[in-house]
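I look up one topic at a time and write down what I find.

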Protein chains: 2
Amino acid sequence: MSYTDIPGNVTAPQGFRAAAMNCGVKPDKPDLVLIHSDHPAAAAATLTTNQFRAAPTYVTESVVADGAARTIVANSGNANCATGAQGLANAQRMGQAAAAATGVLPAEVVVCSTGVIGHQLPIEKIEAGIAALGGQLGQTDPETIARSIMTTDTYPKAVSIEFDLGGTPARIGGICKGAGMIHPNMATMLAFFTTDAPIVPELLRKALRDAVNVSFNCISVDGDQSTNDTVAILANGACGALTIECEDDPRYPVFADALRYCCTVQAQRIAWDGEGASKRITIDITGARTWDEARQIGRHLANYTLLKVAYWARDFNWGRIAAGAGAAGVPIDTSRVNIDWCGIRTFAAGEPQAFDVAAGRQALAADDIAITVDLGLGDACCTVWTCDLTPAYIEFNAIDEL
Amino acid sequence: MSYTDIPGNVTAPQGFRAAAMNCGVKPDKPDLVLIHSDHPAAAAATLTTNQFRAAPTYVTESVVADGAARTIVANSGNANCATGAQGLANAQRMGQAAAAATGVLPAEVVVCSTGVIGHQLPIEKIEAGIAALGGQLGQTDPETIARSIMTTDTYPKAVSIEFDLGGTPARIGGICKGAGMIHPNMATMLAFFTTDAPIVPELLRKALRDAVNVSFNCISVDGDQSTNDTVAILANGACGALTIECEDDPRYPVFADALRYCCTVQAQRIAWDGEGASKRITIDITGARTWDEARQIGRHLANYTLLKVAYWARDFNWGRIAAGAGAAGVPIDTSRVNIDWCGIRTFAAGEPQAFDVAAGRQALAADDIAITVDLGLGDACCTVWTCDLTPAYIEFNAIDEL
């Protein structure tokens, strides 16, 4: 399915406005954003499973529990994580400030933070910024909105599409950030989506969960799961169609597909804009017994350090694919396995294959690298996206960016 | 318990001889070793759990199944992994050649390989080398024996001790190699031990398994589990004492402690000589509900990329310890957690602590770095060893060394 790109990211859907600014968490770049629906909206979010979850994730979890929210507030530059009781109070104060600034209840405000761990937020600066942003909704250009949540990303990541929802044009828009500490099951990543499609909270939650599973949960930069990961969506129904109330409504899969498309595009951008990355890696695991097993192997390969180095080094050492696939904790029968790298079959049905090593090295010069591991055990498959590991990643992380 | 170091590594125990040479797998360095007991010996081994296990691990598994073996043959420079039917035949030929060269049965020969994956062994060169080594047993200096299994190690790793086994002096000797693809549950590492202590195979197996669990299975360089990992031990009883036949024999814990000491020393050397490593990291997880949970968190921290970079960068960013501990998949209560880094308490009972950041940075200048995460949940604890991740690791792995 292809979609028509439109401008505006989170403000492309009807009835959403946003504003962003620098409030002083970072020295100069935008570090605070407010996204607001002019109408009541269904809301859903998926959150990190890290045991050291950041304070705002507790606030957001509670806010979306009833399936409704109207405002998203987020800062970059400070994760508000491992900050104890004061951190939780500060996250609540962020929500209260955003509620006051947008004229909603605190229970309608999704709160997010990203940045360095273990430092208290400069909450007064953030509160002052939020109050100012309340009067600027709709006045910030979309690129600045997307830039406001960036940490080490090299470019702002935004998407907005229009699609036909059973005869009515509807829209989904989104911004996200990633770069480091990126691992399936959510990482140091934030992704916000808005839509003017009308849908009840239960189905919005299901559509988001299904979309996240095959997108944000199928990427990895460094295997490091983060403390703040949040994907949140607000659906305000402003496109004017009747509400999608059951899964049998033929418009439900239309909406779910459009959301999956937006999530996948954004997830790939996060994976491929990993810190220090120089290549875009796509790993297909096919012929698995189950999707879970396919994903487990794909994710393990995406994190396999020696393989991530090989991409960068143009070292066509396919044995690292075999070793990585074998270390994922999934039972496989090596005599049924085929391994293709950049279209070159290196291993087939248990036997190493003769191939032109020079051609392999040459193939690794490309920016896009594809690996397929066919397990020969079943019909399930999964695609995982990652990047290479380069000396720049290490130098990048030598000092935490704000 | 402290032990007396003696020279000789695997030939320090009575009744063991060894020989090593370059047989042409590598361009010049020693790449083939034969270790032989002049007497029948009990044998035990622990092997990689990688699904893409190398051919020799199947041979070794079958050889040690009956608890007896007399010879170990190993080559470096080629892993004989992902090599199909021919690879298995070649591993068997290595065993047969070593059996002929040392006058034992093929079923008494432990076979090991380490090196690059996916290439067939130059088996004729190896067979010729093994035949030559049969006539040179006892003529190779111990350092060359230890060097023969090195791949990217920066120095040969050898240990030999003498201890009092209920009134009779007994000895344990060992060599090992590691460097890359090092992860708990065995990695691209080989470790061979010999002992002249007399012990039945069942107890030798138990002592080895227990020792490996708290040593080689508690180290990590890069999180990449390998295809060839093997720890093997031969016990020939040549010290002259009566055989240890039951766990209640007071000499069993004496032997088990001595073996654990040798395994721990060698495991630390592997962890701290990781490819490109510049620091020795020791991670203590205390106050856990169970040892398994403590080890799971310790291993996760040992592999947490951003933390491994922080050691190298002298970035006293303790939030990465929290994030890594929280991502290990073990339920914890952050309000009970204490985190100490280089003796500085950074987090206590759920709250970040005030400390001198400059002192933290200064502490990270040391070669030895200690982390303690106290979970406050129970009495179990585990120590894990690892190294830092440096740009040199990546450059190291750009081209596979033979």
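**Entry 1: a helix pair in chain B**

I looked up helix 8 and helix 9 of chain B and found that their crossing is left-handed (left-handed if the near helix is turned anticlockwise from the far one by less than a right angle, right-handed if clockwise). I note that the model is predicted, that local features need pLDDT of at least 70 and side-chain atom pairs pLDDT 80 or more, while totals for chains, interfaces and linings use all residues. Residues are numbered from 1 along each chain as its sequence is written, and chains are lettered from A and ligands numbered from 1 in the order in which they are written.

The axes of helix 8 (residues 305-313) and helix 9 (residues 319-326) of chain B come within 9 Å and cross at roughly 155°. Axes are lines fitted to C-alpha atoms, for helices over the stretch in contact, and angles run from 0 to 180 degrees between N-to-C directions. Helices (H or I, at least four residues) and strands (E, at least two) are DSSP runs, numbered from the N terminus. Helix 8 and helix 9 of chain B are therefore roughly antiparallel to each other (under 35 degrees counts as roughly parallel, over 145 as roughly antiparallel, 65 to 115 as roughly perpendicular and the rest as oblique).

I then listed the contact: B:Leu306, B:Leu307 and B:Ala310 of helix 8 meet B:Arg320, B:Ile321 and B:Gly324 of helix 9 (contact: C-beta atoms, placed from the backbone, within 7 Å). By class, this contact of helix 8 with helix 9 of chain B has four nonpolar, one polar and one charged residues. Ala, Val, Leu, Ile, Met, Phe, Trp, Tyr, Cys and Pro count as nonpolar, Asp, Glu, Lys and Arg as charged, and the others, Gly among them, as polar.

**Entry 2: a helix pair in chain A**

Helix 2 (residues 84-102) and helix 3 (residues 123-134) of chain A have axes that come within 8 Å and cross at roughly 20°. These two helices of chain A are therefore roughly parallel to each other. Helix 2 of chain A passes helix 3 of chain A in a right-handed crossing. I counted the classes in their contact as nine nonpolar, three polar and two charged.

**Entry 3: a sheet in chain B**

I found an open sheet of seven strands in chain B, in the order 10-17-12-16-13-14-15 with mixed pairing (strands pair if DSSP finds at least two bridges between them). Its edge strands are strand 10 (219-220) and strand 15 (351-352) of chain B, each pairing on one side only. Strand 10 and strand 17 (residues 380-387) of chain B run parallel, joined by two bridges. B:Ser220 has B:Thr386 in strand 17 of chain B as its bridge partner.

**Entry 4: the domains of chain A**

The domain assignment, automatic or from a database, gives domain 1 (4-272) and domain 2 (280-396) of chain A. Their C-alpha centres lie 32 Å apart. The contact takes eleven residues from domain 1 and twelve residues from domain 2 of chain A. Which element gives the most to the side of domain 1 of chain A that touches domain 2? I found that helix 6 of chain A does, with four residues. That side of domain 1 of chain A divides into seven nonpolar, four polar and no charged residues.

Methods: Two residues are in contact if their C-beta atoms, placed from the backbone, lie within 7 Å.
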